[in-house]
Amino acid sequence: MGVLGQACRLGRCAQVLRQSHRSAPAAFNITIGSQHSPGALSLRRYSTETKQASGSVVDKHEFQAETRQLLDIVARSLYSDHEVFVRELISNASDALEKFRYTSLSAGGENLAGKDRPLEIRITTDKPLMQLIIQDTGIGMTKEELVSNLGTIARSGSKKFLEQMKGTQQGASSEASSNIIGQFGVGFYSSFIVANKVEVFTRAAVPNAPGLRWSTDGSGTYEIEEVPDVELGTRIVLHLKTDCREYADEERIKAVIKKYSNFVGSPILLNGKQANEIKPLWLLEPQSISKEQHHDFYRFISNSFDVPRFTLHYNADVPLSIHALLYFPEGKPGLFEMSRDGNTGVALYTRKVLIQSKTEHLLPKWLRFVKGVVDSEDIPLNLSRELLQNSSLIRKLSSVISTRVIRFLQERSKKQPEEYEAFYRDYGLFLKEGIVTSSDASEKEEIAKLLRFESSKSETASGRMSLEEYYNAVPAEQQNIYYLAAPNRVLAESSPYYESLKKRNELVLFCYEPYDELVLMQLGKFKSKKLVSVEKEMREESKETTATTDFGEGSLLRSELDTLIPWLEEELRGQVIKVKATTRLDTHPCVITVEEMAAARHFIRTQSHQVPEQNRFALLQPELEINPKHPIIKKLNKLRESDKDLAQLIAKQLFANAMVGAGLAEDPRMLLTNMNTLLSRALEKY
């Protein structure tokens, strides 16, 4: 069978065994990294020979330690899911086939027996006998290899095989080594999760090799004897425990193959029918894959019924060996995908064997809508799958793939602008989440290239522009990229904050989603230009015009403002920190400015209900800027003397209106009481 162990980090195995050694009986005699087999875990053993009645010699090996306890530690401590034993044994069988393929093509391969036989994995379920049989037609094992590979915990035939190949021609060995799955030999012992007796029938693919039977019940000994009529390769017979009889059911095994080993390169025949029918598309040449194949594969790995919008087929050798096939869904995201609690939809494979179907940390959370497969030969099959997410290799893999996904979307936005626009409408929120959650400034800027906004110079929604287009459209000396948050275009164009920039014909991005301005505030800068909200720009500029005495023809005089402004500050005490006149308004009587408008709006939406009103205004520090040319402001100045009560009502209503216009009103319905009183006063004459 070749390698009968599975991928496990040797350090992890050693740690588990050391822990068991502390509490084990004195009979336990474990050697870790002995001088005879450095880096391996071995059990000292002795052997005896007995003769069967039939005349065949049975070679009996007895462990000095209590093997059942050791196997129980290996199986139960390192495998969190029982069904993975099927994957481990199939992977071992696949290794045996790959070794045979390589050896048959290398020097001395002409001496192999049965070179023309089909290379396949055969699985048979037997319910009445409660047996599961896994057979391969691969390289097989000699008696010495049986003792070495199956008689020693964490000893790997595959690892030794790879080391031997290092001395041969590099070109031929590289392809074969990439197909060897096992690294350390613990996977075979996962059989004891479900079996109370294991038999291995094997015959090495060399001339005149005898058939051998290896068997154990895990109680402390195993036996090896020569038997007739053994096929070339290896056949493992698992005598299942009563509570594991489900693994003698064809449908149960079929489901496990589909879940874990559907893309093993060799055919897997389950009771005579091929069980792994879907090709590993990610390992094929991109040009050889049809659209229908992509659609079928996408539906298979995503469990959905739509088709992919974009397909990224990506292969790389550096800095890691990567074969990735990623899909961007055509359908809109579901409710669960919108939640950050949802898992990423990318499966991780190594050499066509599944590590995890939904791999945490393989892609960042904001890319959880991407479906597909990543296969990397640099990722070992790790027995402790739960520890995989903490691997530095996974972090490196995640960085490489994330960068490639971002670049791919940038390419689509230029080559397929209409298709990208449709994608952005559905999945733009995820990109914005990426900017908010990423801690890498360069990554933030790369994601920001994917954002799209309407602008003051675009006539329709389809004319949305990118930050890069804005950057290239304005003069190089302009230091800022201006944006304005508003519920829609009509309100954006009629906003008091936009008036002065409109007069100057400045380019302004319109942000319609509540979180857009938070995203841009988090981004802070794009290339060499700062991202500045027009409200902040207005407040900063008003600081420079505080000493203005001439507000233009038809405005209140400076002396009138010197009395009106203190009166307003008194009437709005506890609500505004300051009142001042501005020249930046034309059609609006007044406007509210705060230091960070985006943060203030977010605070009002999410936390203001927890803070008393007086404290709320103290936190916001709003300033009221009035337009001394506006008829309402001029009339208000006269009413202060002629009708003080009405003037107070108007002052409060102006402030309330300005707060609503700024998006800082906790509940606009609070306006109604004061507004109804004003209407009553207005109708008194009629």
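Two strands pair if DSSP finds at least two bridges between them. Helices (H or I, at least four residues) and strands (E, at least two) are DSSP runs, numbered from the N terminus. On these terms, an open sheet of five strands has mixed pairing and the order β18-β20-β19-β22-β21. This is a predicted model, in which local features need pLDDT of at least 70 and side-chain atom pairs count only at pLDDT 80 or more, while totals for chains, interfaces and linings use all residues. Residues are numbered from 1 along each chain as its sequence is written, and side-chain values use heavy atoms, with hydrogens and water left out.

**The five-stranded sheet**

- The edge strands are β18 (454–455) and β21 (525–526), each of which pairs on one side only.
- β18 runs antiparallel to strand β20 (residues 508–511), and two bridges join them.
- Within this pair, S455 stands opposite L509 of β20.
- Helix α16 (residues 516–523) packs on the sheet and touches β19 (480–485), β20, β21 and β22 (529–533). Contact means heavy atoms within 4.5 Å.
- The direction of α16 makes about 155° with that of β19.

- Six of the six residues of strand β6 (residues 131–136) are buried, so β6 is largely enclosed by the rest of the structure. Buried means under 20% relative accessible area, exposed over 50%, and partly exposed in between (1.4 Å probe, protein chains only).
- Q131, I133 and Q135 point one way from β6, and L132, I134 and D136 point the other way.
- Strand β5 (residues 121–126) pairs with β6 in the antiparallel sense over six bridges, and the bridge partner of I121 is D136.
- β5 and β6 form a hairpin with four residues between them, and M130 in the turn has a positive phi of about 55°.
- β6 also pairs with strand β10 (residues 233–240), in the antiparallel sense and over six bridges. Here Q135 stands opposite R235.

**Helix pairs**

- Axes are lines fitted to C-alpha atoms, for helices over the stretch in contact, and angles run from 0 to 180 degrees between N-to-C directions.
- Helix α3 (residues 84–105) and helix α7 (residues 250–260) pack at an angle of about 65°, with their axes 9 Å apart. That makes α3 roughly perpendicular to α7. Angles under 35 degrees count as roughly parallel, over 145 as roughly antiparallel, 65 to 115 as roughly perpendicular and the rest as oblique.
- V84, V86, R87 and I90 in α3 meet I253, V256, I257 and Y260 in α7.
- The axes of helix α19 (residues 597–606) and helix α20 (residues 613–620) come within 11 Å and cross at roughly 160°. α19 and α20 are therefore roughly antiparallel to each other.
- A600, F603 and I604 of α19 make the contact with R616, L619 and L620 of α20.

**Backbone exceptions**

- Most residues other than glycine have a negative phi, and most peptide bonds are trans.
- The peptide bond from V318 to P319 is cis, with omega near 0°. P319 lies in the loop between β13 (308–316) and β14 (322–329).
- N505, in the loop between α15 (499–503) and β20, has a positive phi near 60°. N505 is exposed, with a relative accessible area of 54%.
- Q621, in the loop between α20 and β25 (623–626), has a positive phi near 50°. Q621 is partly exposed, with a relative accessible area of 35%.
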